[in-house]
Structures are given as C-alpha cells and as structure tokens.
Amino acid sequence: MKTPIDDNTSFLTDLGKQLLSGSLTDALVQQATEETPNFAILPWVNVVKIGGQSIMDRGRSAVYPLVEEIVTNLSQYKMILGTGAGTRARHIYSLGIDLGLPTGVLTVLGTAVAWQNAQMLHYLLAKYGIPFIEPEGFGTLPHYLMERGAVVCQGMPPYKLWEPNPATGRIPPQRTDTGCFLIAEVFGARKMIYVKDEDGLYTTDPKKSSTARFIPRIGVKELLALDLEDLIVERDVLEFMTRARNIREIQFINGLRPGQLTAALNGDPVGTIIYMDGDAR
Amino acid sequence: MSFDDSSWQHVESSLMRESLMDKNVIARSDGQVVPILPDVNIVQIGGRSIMDRGRSALLPVLEEIVANQSQHQMIIGVGAGIRSRHIFSVGLDLGLPTGALATLSAKDSAQNAYMVSCLLAKHGFVYLEAPFVVQLLPAMLAAARGAVFNGIPPYALWEHPPLVGKLPPHGSDAGSYLIAEVFGARSVTYIKDVDGIYTTDPKIDPAAEFIPEIHVQKLIDRKLPTLPIEPAALELLTRAKLMRNFRVINGLTPGNLSRALAGKSVGTLVRQ
C-alpha cells in the first residue's frame, strides 16, 4: 500500500528506504544498521553501581566511607550512582517463588528493594544537592550531572512485569548489574564501575572456597567460555557486553577498601577488569 | 580492616547470603507458577500490517473484537509501524543508540494503541499505560470490559543491545507475549496481514510454503529469512512456564480472530 511517506523517499538515506520497504526481521536490514555511526550521549559520565548485599546491607561501616569517597570525587568526576537490591530481595524472591509467582512479578518486587537502597543512598547524599531520579525522569539527568556532578537511581532496569523468564529457575535474570550496564551503554559512558565486597573476580566464590584464584583482567568471551559455576556479575551483562557498541570494559572493585573507587575513576587497573576481547569494531 | 560478617545485616531466607549468579542457586528457584489472569486473551494488532492500512483493515478487526467481547475477555496490544521505521532511519543516521531508538519507537505504538482505545471506548475498553498495567489491570478488567495497551515493552533506554546492528529487538510482539506469560493468559493471537508463517515471504515468493503448526525450537532452527513476528518473541516462547503457544493469523480475513479465540485451527500455531 502507498503511504504519504513513500512519496517522500527522497528525504531518506538508503538505509531509510530499506527500513520503510523491508521487514525489520530481515537479516540484511539488520546487517545494514550495523554499519551506522555511534554517537555517545554522555561521554564523560561514570556509571557506578553500589552493591546491595555487598555494600548497602552492611550499613554504616561500609556505606559511610564510600559516600565520603563519592563526595570527594564530585568535583572531578560526574557519576550516575545505581544501587543493587540485596538481602531483602532474596527474602522476597524466596517468598514469591514459594507462592508460585512468575518472574515478572518477582521483578516488580525486587525493583522495590533496589529503590529502597537508592533512597537511603540519596538521603546520605542529599545535602550535597544530589537528586534521586526515576527511570521516567532520566530526561533531567544531563542537567543534574552538569550542576551537581552526580545522580542516584535504582539499578534495576524498568522491565517490571515485562522481565523475560530466565533459561532456568525463576529469579529475574536481568537485575541491577544489567540495569546499570545498559545505562552506561546507552549513554556511551566513560566508565562502568561495580562496587562490591570482593577484590574482584575469582575462579570460585572466595567467601566459600580457600583455593579461589584471583583474576585481575580477563576477556569477556574467555570468561563466558570458562562457564564458571558462580560469577561476580549477572551473566546477561557479559552477554550484552559482547554485543555492546560503546562499553569496551567494566571494572569490579572492593568498596570496603578506601581509595579503590578513586583509583578506578582515575583509570587505574584496581580490582578486576573484564574487557571485550577479539574486538573487531 | 575486617571484612567479616559482623557488619552484615541479613534477613533470613532460603536465598540468604547466596550468590544469585550461582548456577545451583538458580536451578533451585524453579517450581510451580500460578496463573494470575488465566481467562484473559491477549490480542495483538500489528502496526505495519494492520494499523498503517487505516480503516479498511482496522475497523473490521475491531468489529470482530467487539463481537467476541461477551464471550472472551481480551486485552489488546498494539504495534508501531511505518512511523517507527522512519524514526529509526533518522535516529540511526544521527548515530543514536538502541536504547534511544527503543524509547522513540514506543511512542509510535502508544499513539496506535491510543487510537484503538478511542475506537473501542464506547464498548468499555480502557487504555492502560505500563504503570497502570502493573498496578491496575485486574481491577480494570473487573470494572471495564477490556483494555488496550502499548505492545512495545517499557524497556526504553534499557533495551537490550541486539545480536546484530542497532534495531531494538523487543517490539510489540515480544511485549504482548511477555504480558501473556506473566499473567498466565489463556491465549496470544497476533493479527497480521499474512495467513501465518511461510517458508519465505509470500508477498515476494509465489513458491512460499505455508506452515500451519510448528514447534518453536524447530522454527528457530530453520532460520527463515523473514518472519511475520519478531524473533525475540520466539526466544521468549522457548522459556515459557505458562503461555506455551501463540497464533499468527491474517486480520484481513473476516472470522479468523473468532476462530482463533474459539481455539480452532487457523493461521499458524507456534508451540513450545
């Protein structure tokens, strides 16, 4: 059928004509979009994810020094601070699973926990003029970053009921690690830093095994190929990293060690860095 | 300094202190899922295939929806269409990322959904934005006589990077399926402008072969060059716990929707 837009195809790029006439699921159309340029929306912003179980659940002994370090860095680095969920999410996931609730509902519930942690972090940073913003308020983010240097948001992606089922089990597969990664990727951020309570990535969980070996730097494909039983980061972050167009590496640091966040913001190789290996782009 | 457990404040649960990335912990999180709205039917109206054609295609579809209203509870998802193709073209030319394209495209399907809700308003259908789907859908279904929602899921800036290229992988087909799965709906019907799934595009290739019913994994494995539905919807169906099939029908043929709602064989049935 002819539409008014078809008559004005002279305004369109070659790709545009392909998009209007072809099927979006056509492999050739998708391939053609691969060659388009990347514009970084906020190239100077640093996305910092504060762990839920690893940092927030520890209370002031862990959170206060970290807040202090964030404040010290405000004059130099612009930060989007996302929060994880933690032990209350674990409680409500196990309760929800027991009640027979689906993954999408568990995601709604888990999002509330990450939101609570973001609120608490926001209260601690409020006197520095740092706002809390909801996903719907992300349009104001550039302004706050320019004026105040940082914003606080909850780390969960806003998928809610639309969260896809995981391959196994029922725990929402895309949680706060993924949400923060996708913020960094969409804005073309300078850094994606995960603040946890381990020095970085180990071959097994160092909290449970004394033979765990530290990995300071590893390629994402290499890490996926190791198929480890447990990981420091949600698996979907690794999967998305292999397809990302902006973020080439992510860093994991120990938020219980003073100075690590500053070092990571400065570009020092502290903790573990997972990078995109075999980078063709 | 000490990293011991003394500073930790835990809530006791079966997942306490566990890594949610641990494969064994993940495997233990399965079990029975209860359907939340088992009687509701999800009907998805295609953007490019139905909406863009205007009244000649859309009004008969809406009439058929109304004719089935007394027998079947329906929530209507609506897709985007040619305006999204246009904004993808401009956005890609500007270098915008996938998440920005997804945010823009969701407004096109919102417009389409809003138009459908206006046309169905006198029959008691309400338009629900995503936050209202989360909070109010059951109440709305009890009070109203149907609902219309934006088929594109509210992933916005958080849309997944696709395997190839930059186009948002989760469109209205994926979004409508996800709503059916999370509520444990009775059925999902995609209303398109082809009779169902063919081996190749029947609009171009006269030798295209019709597929009346197929297992979703077999369909994925066939790697067909074009599909009338998003590949993401197929991936989601492989992981179904409640909504274990969906149907693709031709909305330009009167009676097809009624047959699909009655559970009769029409179009293509894709099953887990």
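## Helix pairs in chain A

Let's start with a crossing: α4(A) passes α5(A) in a right-handed crossing (right-handed if the near helix is turned clockwise from the far one by less than a right angle, left-handed if anticlockwise). Helices here are DSSP runs of H or I with at least four residues, strands are E runs of at least two, and both are numbered from the N terminus. The axes of α4(A) and α5(A) sit 9 Å apart, at an angle of about 160 degrees; axes are lines fitted to C-alpha atoms, for helices over the stretch in contact, and angles run from 0 to 180 degrees between N-to-C directions. The two helices are therefore roughly antiparallel to each other (under 35 degrees counts as roughly parallel, over 145 as roughly antiparallel, 65 to 115 as roughly perpendicular and the rest as oblique). From α4(A), the residues R88(A), A89(A), I92(A), Y93(A) and G96(A) meet V105(A), L106(A), L109(A), G110(A) and V113(A) of α5(A). Contact means C-beta atoms, placed from the backbone, within 7 Å.

The pair α7(A) and α9(A) packs at about 25 degrees, with axes 8 Å apart. That makes α7(A) roughly parallel to α9(A). Here too the crossing is right-handed, and D177(A), T178(A) and F181(A) in α7(A) meet D236(A), V237(A) and F240(A) in α9(A).

## What sort of model this is

This is a predicted model, so local features need pLDDT of at least 70 and side-chain atom pairs count only at pLDDT 80 or more, while totals for chains, interfaces and linings use all residues. Residues are numbered from 1 along each chain as its sequence is written, and chains are lettered from A and ligands numbered from 1 in the order in which they are written.

The scores are ipTM 0.83 and pTM 0.89. Chain B has a mean pLDDT of 92, with 97% of its residues at 70 or more; pLDDT is the predictor's confidence in each residue, from 0 to 100.

## A helix pair in chain B

Over in chain B, α3 (residues 82-94) and α4 (residues 98-120) pack at about 155 degrees, axes 9 Å apart. That makes α3(B) roughly antiparallel to α4(B). On the α3(B) side the contact uses R83(B), S84(B), I87(B), F88(B) and G91(B), and on the α4(B) side A100(B), L101(B), L104(B), S105(B) and D108(B). α3(B) passes α4(B) in a right-handed crossing.

## Where the chains meet

The contact between the chains takes 74 residues from chain A and 70 residues from chain B. On the chain A side, elements giving two or more residues include α1 (14-21), α2 (27-34) and α3 (60-73). The top contributor on that side is α4(A), with 7 residues.

## The core

The largest nonpolar core has 152 residues, and L81(A), V148(B) and Y177(B) have the most contacts inside it. Such a core is a set of buried Ala, Val, Leu, Ile, Met, Phe, Trp, Tyr and Cys residues joined through C-beta atoms within 7 Å. Leaving aside neighbours within four places in sequence, Y177(B) is in contact with V188(B), A233(B), L236(B), L237(B), M243(B) and F246(B).

## Two lysines with positive phi

K160(A) has a positive phi of about 50 degrees although it is not a glycine. K160(A) is found in the loop between β3 (150-154) and α7 of chain A, and is buried, with 25 other C-beta atoms within 10 Å (20 or more counts as buried, 12 or fewer as exposed and in between as partly exposed, with C-beta atoms placed from the backbone).

K223(B), also not a glycine, has a positive phi of about 45 degrees. K223(B) lies in the loop between α7 (216-221) and α8 (231-238) of chain B and is exposed, with 8 other C-beta atoms within 10 Å.

Methods:
Two residues are in contact if their C-beta atoms, placed from the backbone, lie within 7 Å.
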